[in-house]
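Here's a quick briefing to read alongside the structure. Have a look at the chain, then work through the notes below.

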Amino acid sequence: MKSSMFSKLFGKTKQDQQANTLSILEKLNETLGILEKKESVLLKKAAAEVERAKEFTRAKNKRAAIQCLKRKRLYEQQVEQLGNFQLRIHDQMIMLEGAKATTETVAALRTGAAAMKTMQQETNINDADATMDEINEQTENMKQIQELLSAPIGAAADFDEDELEAELEELEGAELEEQLLQPAITTPEASVHVPARRPTRPVHTKPTPERLAALQAEMAL
């Protein structure tokens with residue numbers, strides 16, 4: 001069933017595949033809903049048989065109670081079968097959704113590859129080589145033009161570069177020799193500051209008696 005479904009799915013165009021996938025998913029989901037409703041009904045019937053079996057047990061009707069339990073087990077078997085059906089439908093829905101995602105991914109990759117191929121056709125390797133050659137040629141032409149514009153003209157074109165270099169070296173040698181012949185500039189020595197000596201104060205000594213007597217005699221004269 002899965003193989004036939006996938007063969008029908010992948011054997012159609014992109015639009016048909018999408019529409020068919022959605023239709024199948026809706027049908028499976030609808031079937032799943034129906035099975036769930038049947039399961040709910042069967043569970044209610046099984047519960048009802050259990051209640052009836054209890055009533056017959058209370059009424060001492062063992063045979064009728066056993067019949068109720070048998071029907072309950074039949075309902076439970078159907079419920080289990082419906083559960084297996086639902087599991088298969090869930091599995092198929094998951095597989096189908098995965099196939100749908102794979103198909104969309106492949107379609108997107110195919111679109112990208114086609115766009116890349118178109119761009120490569122519009123700009124192939126030969127065009128790229130030709131463009132690079134043209135750019136290199138234009139660059140070389142521009143360099144030649146710049147060299148022509150920067151070349152000296154008139155009287156400056158007759159100057160010999162070697163002679164100019166030799167003259168420059170002579171000037172540099174003369175400047176160096178002049179610097180070597182200049183006398184060394186001596187810096188004056190720093191004057192040593194000698195602090196002035198303070199005048200000594202006279203030392204007053206106490207006069208002796210003889211000295212006093214002599215002074216008095218001098219004053220009397």
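## Charge, core and surface

In this predicted model, a surface patch of negative charge brings together E161, D162, E163, E165, E167, E169, E170 and E172. As for the overall fold, the protein chain has six helices and zero strands. Of its 221 residues, 14% count as buried.

**The negative patch**
- E165 comes out as partly exposed, with a relative accessible area of 47%.
- That value can count toward a patch because the cut-off for patch residues is over 30% relative accessible area.

**The nonpolar core**
- The largest nonpolar core is made up of 13 residues.
- Inside that core, L28, L42, I89, M93 and L96 have the most contacts.
- Two or more residues of this core come from each of α2 (14-58) and α3 (62-122).
- The top contributor is α2, which gives seven residues to this core.
- As background, nonpolar side chains in soluble globular proteins tend to be buried together.

**A nonpolar patch outside**
- On the surface, M142, I145 and L149 make up a nonpolar patch.
- Together, M142, I145 and L149 have about 330 Å² of accessible area.
- M142 belongs to helix α4, running over residues 125-150.
- M142 is partly exposed, and its relative accessible area is 44%.

**Order along the chain**
- Reading from the N terminus, the elements go α-α-α-α-α-α.

Technical notes:
Residues numbered from 1 in each chain as written. Predicted model: local features only at pLDDT ≥ 70, side-chain atom pairs only at ≥ 80, totals over all residues. Heavy atoms only, no water. Patch = residues over 30% accessible without salt bridge, like charges linked within 9 Å, V, L, I, M, F, W, Y side chains within 5 Å. Areas by Shrake-Rupley, 256 points an atom, 1.4 Å probe, with all protein chains shown as cover. Salt bridge = Lys/Arg side-chain N within 4 Å of Asp/Glu carboxyl O. Lys, Arg positive; Asp, Glu negative; His and termini not counted. Charge placed at Lys NZ, Arg CZ, Asp CG, Glu CD. Buried < 20%, exposed > 50% of the residue type's maximum accessible area, 1.4 Å probe, protein only. Core = buried A, V, L, I, M, F, W, Y, C linked by side-chain atoms within 4.5 Å. Helix = DSSP H or I, 4+ residues; strand = E, 2+ residues; numbered from the N terminus.
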